[in-house]
Structure formats: C-alpha cells, structure tokens
Amino acid sequence: MDNILNLIGVRTEPQHFRPEYIYQGRIGDYQFELWSILIYRAISEYIRRKLIYDKGLAIHQFRMWKILFCRTLSDYMSNKLIYEKTMANTLFHQQIILMFKYISDYIHRLIYAKGIAYNQFQMRIILLWRAISGYTCHKPIKKNGTSTDQFLNLPQDVQCIIFSKLPLKEIVRTSVLSRKWRCLWTVCPKLSFDSTTMFGKNIAGKQTEKYTRQFIRNVNAVLQRCHGRVVEDLEIKSEFDKLLVGHLDNWVRFAASSYTKFLAVDLTPRGLEALDDPQYMFPLQLFDSRSIHRLQHVQLRFVCVKLPQQFSGFPKLRKLDLHKVKVTAKDLQDMLSNCFALEQLSIVHCNLDGELKVHCPLPCLQYLNVMFCGLTKLEFHAVKLTTFVYEGSAVTVNLHEVPELKIANIFFAGTTIGDAIHALASVLINVQNLTLKIYVRLPEVPCLMENKCKFSHLKHLQLLLSYTLDVDNLSLVPFLGSALFIEKLEIHFSSLFGFFYAEGASVRIFEYRHNYLKDVCITGFKASNGQIEFLEHIVENSPVLEVLTVDQSDRLKKNEPLLVKEKLAKYMDAAVYRNVRRYIEGKASPKCHLRLLF
C-alpha cells in the first residue's frame, strides 16, 4: 500500500512544514492524511478479498484499477473537499462515510448482481468519480450565503501588497484558479516584459519581425487591462526595432499616467549592433510635474536622451542607471543638478567626450559608478558617498570632501602608479578598502616616487597590476609606505611578456615600515628580480606579519577568481621555491605562517 501512496502523490510530510496547516473552518492536514490512509486501506482490503479471491482477477489488473481509483479519490479529497470547499469537520466526516457506503454498495451490485466485466466496471467507476468531483467543483459550498473565497473579500490595496511579493509569471497563473480570479492579476503593481523570456534567445533573420510584432501585441494587451490602475514598476526589455518606436512612446505615456515609481527601458541589441549609437529618443516630455515627482528609480539602456525646455529634474529620484545612453555632458550635468534625493548613480559606456562637473551638491548620494565614458575630468559634491567605482583612462577625480567613503574600486588603463595616485589623491584619503587595477606604464625616467598623500584610514588594499616587463618598485613601495595603518595586502601580478630572474642582480633596500601589516597575499609570482626585491622588503619591514601567501598562478591573465586556495607547497616550481627561501630565510617573523603555492 505504501507503494500505491507514493505513486498517487499522497502528501504525508509533517504538519509543521505546511503553512496552511489549519484554516478557520477547514480540516487540518493531519486529519486529512489520517482519513486518507484509513480509507485507502479499507478499500484496498475490500477489493483484495472480493475481486481477487472471489472473482479471480489478475494481480496486474487489480493494481492498475486500485491506482486509478485511489488517484481520483485523492484529487477529489485534496483539491475539492478540503482546500476549496472549507467544510466543517463533522460535516466532512459524515459526507465521507455516507459517500463510501454508497460506493461500496454500488460496487457490490455491479460486480455480483449484474456481473459487469472488469473493463466496463473500471470505466464506470472512473466516470462516476469524475462526475462527483466535477459537480462538487462547479457548485461551491457557501455558508450563510457568503463566498468561501476569503482572498476576494480582502481590500484591493491588501491584494496589491500580496501580489507585489510574487513574480509576475506566478501572479498570471492564478487566473486559472476560478472565474473570479481571471482578471485579479491586473491589480499587480509590478509589470515586466522581456522578449528573451517570452521567445528565447535564438531569434534572428526573418523571425525577428514576427516576434517583435507578437511582443508588441502582448505588451499592449496587458497594459490595456491595467488601464486606469496604479502600476509602480514597469520594465520593458527587447532588442531595438523600428517597429517599436511608436509603441514605446505609448508605453512610456502609460507609465507617466500610472504614476510609476520604477521605469526601465532596455533596448540593447545583440551582436555587433550593440556597438552602434542608440536610435530611440526617450520622451522625457511626456512626464508632467506630477508624474515626474513619482519616479524613484530610472534605468535606461541603449536610448538617446535630450532634455526638454524648462526641465525641472527628478526631485524624488533615488536611483539612476544609464548604460550606453547617448547624451551630452551638459544635459547630463543639468539633469543631475536637479536630483537632490539621488542615492545611487551608475553611468556606463556613455560617450561624454569631456568633463563631467556637477556643481550642485548631491547630499544623499552614497554609490557612484562611472565606467568607460571618455571623460577628461570628473567632479562631484557628495558628502555621504560610501562607495566609488571608476573604470577608464586616468583622469583627475575631485569628489571634494567624502569623509564617509569606505570602498573604492579603481581601474586605470595605461598609466604609471604615480600618475594614478596623483589623480586620486583627494579621493582616497579616507577610504578603508581600496581595489586598484592598473595596466602599468613605466615612467620614462625611473625615480623614487614622492607621495605626500597619506592614506591614514586604509586597512585593506588590493592591487591588480599588469606590467609589460618587471615590477616598478620605485613607485610601488613608496605608495604602500603612505598607507600607515594597512593590515591586509593583496597583490596580483601579471606581465605581458612574463617575469624573469637574472642571477646576480642587486636587491635594493627601501626604508618604509609596515607596522600593522598582518596578512600578505601575492599571486603571479615568478621570482623575477623586481618581485624578489618587493618580497624581501615586505618580509623585513612587517614585524607583526602573521600570514604570507606566495602563489605562482597568474590569475589576472587566466581570468581566475582572486580568492587564493591553499595547495601543497611541494608542487611549487623548484627554482622559484629555492629563490623564495633564499631571500626570506631567517628574515620573516617567527610567528609568520608561510604558504608557497603553485
């Protein structure tokens, strides 16, 4: 019998795993499971004695009949009687007993009195159960003339809150539960339309126009049903096509009239077309003073933006994400100057070709991300900035006073360490965690870098340095010396032509102490002259060093995770291992744990 229960999917998990354990006026799941097991066992024993032993039915016929019968019974009891009809406990008990007594008598008359063949009996009993189940399903049980669907009795704003916690796909699926639920999903305040989710990724050639038209029909059909309702989130994501232009304007107009808080328009194409300039002009003029006050999060990708005349800005905007947006530096400055509530700003691959200066303070800005925008200078007033991310050419960055800056991720291409530090001198003073990635260009005249800037709050430094030849310690060591209280140092070396060791080369000595440095990790270590020189300096000038990890793997070139996992030291290249031990033997602190990895 246990095998039968497994086949028909009877739920026998512990009651505490079911959130709908006991409903008001409904039968508890533990009662249903007990009744199901007792009923199935009674029926099974009755059929086994009567059908098999008295009538001589084959075992495989009996098993098939019992599986079908019990599956139908399980569906009826679980879905119809208990979860949809909300019968009282005693009433349910009485109806079940009477129903099974009637079915038992009916089976007895069919088999013994009328002598119906097995196949006919099997078909009739299944049809009978389908009829009972269907009748009960389409004739709801009511008490005192009120509907048993308690969800529909909730206020509409409460329904919106509940639906807002579910994905749109799951909300739409609720429309099949009953006729009353068919249009209930339209109260959902969040709408997201993604052509890739609808039709998949493999769309090209002549299929593009076909699926674009279908995407338009789908979006228009949903928005028409939601007309006149408040839609808090509206997201449109599809590859740009000229067929979309007029409809996109209507969808943005719908967002403005629905007082949308989050609006996302992503028209990024696939392939080489993503390198072209955007063609769709985002209609900012459709937002009036009331609707623009509702916007809190705007995400635009692969569109053009031009400010209309007398643009008043986004007074309530908290998040702004611009990716591959065609906009002039002046329009962007004017837009940001009127975003006083802005907390997060991301500008990626927006070709500004000039300076970006936002003169008006942004008192709420906490996160700033600027990547590959062709800037020559960057200037913001953001006193509450905590995270700063920049990738691109080495330009002067002026954030004025940023006393709360904790995290900075900087990527400069084709510059010296000295120029990078000079460009960030006013930004990094208060930073605690710094990740600096540089494609290092060696200075024309190698000399010891003079760094007057002191990074007095820096605790964790991660350097990703790609060299053409060997390490430039004349710039690297003084930079580390300016971080007086650094505790953890990660350096990931990489070289275009590889690092080499020249026997007999002299090792220079630098007088910079690291009195708080406890953890050092070096990857891409090939025991070149510059790397040996740097390693010896760290070991000799870090009196409280606890862990020193030296890894041969070039993680930058291999694009591997920077997290170093411990491996056995015996696999390290013998020549590298010998040089490392030669220069640090007896110089490291006795408490230092040395890890040499391959």
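Reader: Which residues form a nonpolar patch on the surface?

Author: Keep in mind that this is a predicted model. Here the patch has about 350 Å² of accessible area in total. One member, Leu 469, lies in the loop between β14 (460-467) and α14 (473-481). The patch is made up of Leu 469, Leu 496 and Phe 497.

Reader: OK, and α14? How many of its residues are buried?

Author: A residue counts as buried when its relative accessible area is under 20%. The buried list for α14 includes Asn 473, Pro 478 and Gly 481. The helix is mostly covered, and its buried count is 9 of 9.

Reader: So which elements do the buried residues of α14 pack against?

Author: Leu 474, Leu 476 and Val 477 are among the buried residues. The buried residues of this helix pack against both helices and strands, namely α13 (417-423), β13 (433-440), β14, β15 (488-495) and α15 (529-540).

Reader: How many disulfides does the structure hold, and how far from Cys 350 is the nearest cysteine sulfur?

Author: A disulfide needs two cysteine sulfur atoms within 2.5 Å, and the structure holds 0 of them. For Cys 350, the nearest cysteine sulfur belongs to Cys 373, and the distance is 5.1 Å.

Reader: Is Cys 350 buried or exposed?

Author: The cut-off for buried is under 20% relative accessible area. Cys 350 has 0% relative accessibility, so Cys 350 is buried.

Reader: Now the rings. Why is the pair of Phe 372 and Phe 411 called edge-to-face?

Author: The whole structure has 11 aromatic pairs. In the pair of Phe 372 and Phe 411, the ring centres are 6.3 Å apart and the planes sit at 75 degrees. Planes over 60 degrees apart count as edge-to-face, so with its 75 degrees this pair is edge-to-face.

Reader: Where do Phe 372 and Phe 411 sit, and how many residues apart are they?

Author: Phe 372 is in the loop between β8 (367-371) and β9 (375-379), while Phe 411 belongs to strand β12 (residues 407-415). Phe 372 is partly exposed at 36% relative accessible area, whereas Phe 411 is buried at 12%. The pair links distant parts of the chain, with the two residues 39 residues apart.

Reader: Which residue forms one aromatic cluster with Phe 372 and Phe 411?

Author: Phe 372 and Phe 411 are already a pair, with their ring centres 6.3 Å apart. The cluster holds these two and Tyr 439.

Reader: What angle do the ring planes of Phe 455 and Phe 479 make?

Author: Phe 455 is in the loop between β13 and β14, and Phe 479 is in helix α14, 24 residues apart. Phe 455 is buried at 1% relative accessibility, and Phe 479 is buried at 2%. Their ring centres are 5.8 Å apart, and the pair is edge-to-face because the planes are at 85 degrees.

Reader: Which residues is Leu 458 in contact with, leaving aside its neighbours within four places in sequence?

Author: Leu 458 is in the loop between β13 and β14, and at 0% relative accessibility Leu 458 is buried. Its C-alpha atom is 6.4 Å from that of Phe 485, 27 residues apart along the chain. Beyond those sequence neighbours, the contacts of Leu 458 are Val 431, Gln 432, Asn 433, Leu 434, Ala 483, Phe 485 and Ile 486.

Reader: Last one: is Lys 242 buried or exposed?

Author: Lys 242 sits in the loop between β2 (233-237) and α10 (245-257). Its relative accessible area is 66%, so Lys 242 is exposed.

How values were computed:
Residues numbered from 1 in each chain as written. Predicted model: local features only at pLDDT ≥ 70, side-chain atom pairs only at ≥ 80, totals over all residues. Heavy atoms only, no water. Patch = residues over 30% accessible without salt bridge, like charges linked within 9 Å, V, L, I, M, F, W, Y side chains within 5 Å. Areas by Shrake-Rupley, 256 points an atom, 1.4 Å probe, with all protein chains shown as cover. Salt bridge = Lys/Arg side-chain N within 4 Å of Asp/Glu carboxyl O. Helix = DSSP H or I, 4+ residues; strand = E, 2+ residues; numbered from the N terminus. Buried < 20%, exposed > 50% of the residue type's maximum accessible area, 1.4 Å probe, protein only. Contact = heavy atoms within 4.5 Å. Phe/Tyr/Trp six-rings, centres within 6.5 Å; stacked < 30°, edge-to-face > 60°.
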